[in-house]
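Please look over the sequence and the model before reading on. The report below is meant for a reader who has not seen this structure before.

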Amino acid sequence: MEPTAKVLRFIAESGMSDAQFTRETGISSGLIGQWRSGKQKASLKNLQKIADHFKLDVSVFLSNNDPIKISTTPTKKELIDAINSMSDE
């Protein structure tokens, strides 16, 4: 999956509106519209800005792995796996 498509999927999966995403990242709604229409692709600078804001590694967007689950909310299974992997201290 192409990086711009991953960003758009991230926005959708996060439950944020474009307006909220714009406020949080400083990326203009016009640019998001250009990404959606395919007129422009997300630059590395914007990918890094998004990754930094959401405390993600930019490789989430640049990886060739597909499909890649991009989510700010862990699934129930992910939470259970994380709890189970914790050592008793």
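## Overall make-up

This is a predicted model. The chain has six helices and zero strands, and its elements run α-α-α-α-α-α from the N terminus on.

Of the 89 residues in the chain, 27% count as buried. The chain exposes about 6000 Å², and 53% of that comes from carbon and sulfur atoms. Among contacts between residues at least 6 apart in sequence, 53% join residues at least 24 apart.

## The nonpolar core

In soluble globular proteins, nonpolar side chains tend to be buried together. In this chain the largest nonpolar core has 17 residues. Val7, Phe21, Ile27, Trp35, Ile50 and Phe61 are those with the most contacts inside this core. H1, H3 and H4 each supply at least two of the core residues. The largest share, four residues, comes from H1.

What does valine 7 touch, not counting residues up to four places away in sequence? Valine 7 touches Phe21, Trp35, Leu47, Ile50 and Phe61.

## Aromatic pairs

A pair of aromatic rings is described by the distance of the centres and the angle of the planes. The structure holds three aromatic pairs. In one of them, the ring centres of phenylalanine 10 and phenylalanine 54 are 5.0 Å apart; the planes stand at 65°, so the pair is edge-to-face. This pair links distant parts of the chain, 44 residues apart. Phenylalanine 10 is in helix H1, while phenylalanine 54 is in the loop between helix H4 (44-53) and helix H5 (59-62). Both phenylalanine 10 and phenylalanine 54 are buried.

Phenylalanine 10 also forms an aromatic pair with phenylalanine 61. This second pair is edge-to-face as well, with 6.0 Å from centre to centre and 90° between the planes. Phenylalanine 10 lies in helix H1 and phenylalanine 61 in helix H5, so the pair ties together parts that are 51 residues apart in sequence. Phenylalanine 61 is buried, as is phenylalanine 10. Ring pairs link Phe10, Phe21, Phe54 and Phe61 into a cluster. Of these residues, Phe21 and Phe61 are also among those with the most contacts inside the largest nonpolar core.

## Salt bridges

Side chains of opposite charge can pair when their charged atoms come close. How many salt bridges are counted here? The count comes to two.

Glutamate 13 has a relative accessible area of 35% and is partly exposed. Arginine 9, at 22% relative accessibility, also counts as partly exposed.

The side chains of aspartate 18 and arginine 36 meet in another salt bridge, at 2.6 Å from N to O. Aspartate 18 lies in helix H2 (residues 18-25) and arginine 36 in helix H3 (residues 29-37), so this pair ties together parts that are 18 residues apart in sequence. Aspartate 18 is partly exposed, with a relative accessible area of 27%. Arginine 36 is partly exposed too, with a relative accessible area of 45%.

## Threonine 4

Threonine 4 lies in helix H1 (residues 3-14). Is threonine 4 buried or exposed? Its relative accessibility is 3%, and buried means under 20%, so threonine 4 counts as buried.

The side chain of threonine 4 reaches the backbone nitrogen of alanine 42 at 2.7 Å. Leaving aside neighbours within four places in sequence, threonine 4 is in contact with Trp35, Gln40, Lys41 and Ala42. Of these, Trp35 is also one of the residues with the most contacts inside the largest nonpolar core.

## Serine 63

Where is serine 63 placed? Serine 63 is in the loop between H5 and helix H6 (76-85). With a relative accessible area of 18%, serine 63 falls under the 20% cut-off and is therefore buried. Apart from neighbours within four places in sequence, serine 63 is in contact with Met1 and Lys6.

How values were computed: Residues numbered from 1 in each chain as written. Predicted model: local features only at pLDDT ≥ 70, side-chain atom pairs only at ≥ 80, totals over all residues. Heavy atoms only, no water. Buried < 20%, exposed > 50% of the residue type's maximum accessible area, 1.4 Å probe, protein only. Polar contact = N/O pair within 3.5 Å; in protein donor to acceptor, adjacent residues only side chain to side chain. Contact = heavy atoms within 4.5 Å. Areas by Shrake-Rupley, 256 points an atom, 1.4 Å probe, with all protein chains shown as cover. Phe/Tyr/Trp six-rings, centres within 6.5 Å; stacked < 30°, edge-to-face > 60°. Salt bridge = Lys/Arg side-chain N within 4 Å of Asp/Glu carboxyl O. Core = buried A, V, L, I, M, F, W, Y, C linked by side-chain atoms within 4.5 Å.
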